[in-house]
Structure formats: C-alpha cells, structure tokens
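The sequence and the structure are shown first.

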Amino acid sequence: MNRIKDVNRIFLGTVLLSVIGSLFVSLLLFVDQTYLLSLLASQLLMVFPAAVYMMRWNIPVKEWIVFRKISFPKILMLAGFFLASIPVLNLIQSVSLLFFHQVINQTMTKIISQWPLPVSIICIAVIPAFFEESIYRGVFFLEYRKMGLFFGAFCSGMVFGLLHFNLNQFLYAFYMGVWFALLVDVCDSLLASVLLHFAINLSSVVSAYQAGTARVTVEKSALIAKLPGMTLAAGIGLIISIGIYAVLRLWKKEQKKDRVLPAREMVTPSFVAAVLICVALMISNEMT
C-alpha cells in the first residue's frame, strides 16, 4: 500500500507542531531556564504525529520499531563504522562553522551546566536516539524505501536534517541520517541506527562535559589551517565506512524485492510545504 502521501503529511504535521511547540518551549525557558525540560518537551512533541499515523493505519509496533538481535561480529563492525565516521563528522562540523552559527554545542553546554553527567547522557543521548530513530528510520524510512533503498535513505536523511531547523546541524544530520537508514537495512534492525545515534550523541556530551561551561571562541583561520589534515582523515574514514557497509551488504541474506514506486511519488504538496517551512526557519535562525 502506498502511504507516502500520508507520511509526507506527518512530516508537515511534525514541522508545524515543532514550530508551535517552540513557543511552548520558549515559555518554559522563560519560566525556569531549564533547557533539559525544553529538550524533552521537543522530543515528545515530535513523537506525537508519528504515533497518530501508526495508529491510523493500524501498523503493529513490531513493524514500526524493529529491534531484531544483531550478532556480535556485526556489533564490532558497527563500532568500526562509528570510529570511521568521527573524522567525517568533524570535517562537516568544521566546514559548517565557517559559514553557519553553532547550535548543538551551545545547547549541550547549557544542559550540562545545570545537570549531572548521567542525567545529561540519558536525556541527550539515550532518549533522542530511541525516539528519533523510531520516527526517522521507523516511520519515514519504512515508507520512503518503497521508492528504492538508496533514494529512500536519501529522503529519510534529508527529513532528519531538515527537522533540526538549523543549517549547522542539517549538514551532518543529513549525512548520518542516510547512513543510519542504509545500516538499518543491512542489519535488518532498527537497533543498528539506535546504537550509532547513541554513540555519536554520547561522544558529543562527554566532550562538552570535559570542555566545561567556558565559552569557546572558534577562530575561522585556525579551522581553515586544519582543513587539509581533517579532509585526509575524513577521506580515509569515508572509505572505511563504505567498506564496512559493503561487507554488511554482502553478508545480508537476499530478500524478496518489492515493486519500486516512482520517485515522483515523493513530491506532494505536504512535502513541499514542509521543506519550504524548514528552509525558511533555517535562514531565519542564521539571520538572528
């Protein structure tokens, strides 16, 4: 059954609810300046449209959230993929800082200044990894992959990046979102992306915690000087990532191929409207 139009409506609904929810979050911050509570509120608001969609179509939880067991050798390969991804993400982050405002580290710094490390890990690494992967690689990729594996992964990653609502996070969220979807496919388990998402967020939280609450000024000249070395490391990391994915893809058992829907199915009024709103918010955030 083609549910792409409906899932695009969920995309638009998530965007609109996030915009409305941001007003609530702003009020919450105005009242008690608790950034952790605002983060949790945004996560719950994001889950609501997806939950309504799954209930409307009566989609079983086991089809939506597929947590099949992953073998130990595959766990080791996912760990290798995580380590290989770090230099790529560092390069993407550094390049984005040359043009866009930094967002994520500022938010984490505010949270860890208010809460102990274990609480920060649970709320920044554990909860988002589960909720966001259940939505982006569960709901969205579940439908978008019907237009082809790689196109579906691309669309899932793009939606994941757009719903961060800022250009700084969009770049690496889009990159990792595509990989998350591909790894869920080859491992046949949502657990693959949840573990990777958790590991990436955990490394960011620990790094921010070690850096403390001091404001760090990023000098663009220093970043530019480091780019050649970072590009080389990222290139090696990307090659290793592709190699690990290729091995996992060969390892995967052949499955029955379903009919692939045309890519034009993706372009619906809801999808276009959601993208335009996200882009407008990204540009607005850069200008403020």
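A nonpolar core is a set of buried Ala, Val, Leu, Ile, Met, Phe, Trp, Tyr and Cys residues joined through side-chain atoms within 4.5 Å. The structure discussed here is a predicted model.

## Confidence

The chain has a mean pLDDT of 86, and 89% of its residues reach 70 or more. Confidence is highest in helix α7 (residues 149-162), with a mean of 95, and lowest in helix α5 (residues 104-112), with a mean of 71. Where pLDDT is low, the predicted coordinates should not be read in detail.

In soluble globular proteins, nonpolar side chains tend to be buried together. In this model the largest nonpolar core comprises 77 residues, and Phe11, Phe140 and Tyr144 have the most contacts inside it. Helix α8 (residues 167-187) is the main contributor to this core, giving 14 residues.

The surroundings of Tyr144 can be listed in detail. Leaving aside residues up to four places away in sequence, Tyr144 touches Ile4, Val7 and Asn8, as well as Gly152, Cys155, Ser156 and Val159, and also Met266 and Phe271.

The whole structure contains 9 salt bridges. One of them joins Arg137 to Glu133, with the closest N and O atoms 2.8 Å apart. Both residues belong to helix α6 (residues 117-144), and because they are 4 residues apart, about one helical turn separates them. Arg137 is buried, at 3% relative accessibility, and Glu133 is likewise buried, at 0%.

Glu143 and Lys146 form another salt bridge, with an N to O distance of 2.8 Å.

Lys252 is in the loop between α10 (220-251) and α11 (269-287), while Asp185 is in helix α8, so the pair ties together parts that are 67 residues apart in sequence. Both Lys252 and Asp185 are buried.

This pair belongs to a network of salt bridges that links Arg145, Asp185, Arg249 and Lys252.

Key. Residues numbered from 1 in each chain as written. Predicted model: local features only at pLDDT ≥ 70, side-chain atom pairs only at ≥ 80, totals over all residues. Heavy atoms only, no water. pLDDT = per-residue confidence, 0-100. Helix = DSSP H or I, 4+ residues; strand = E, 2+ residues; numbered from the N terminus. Buried < 20%, exposed > 50% of the residue type's maximum accessible area, 1.4 Å probe, protein only. Contact = heavy atoms within 4.5 Å. Salt bridge = Lys/Arg side-chain N within 4 Å of Asp/Glu carboxyl O.
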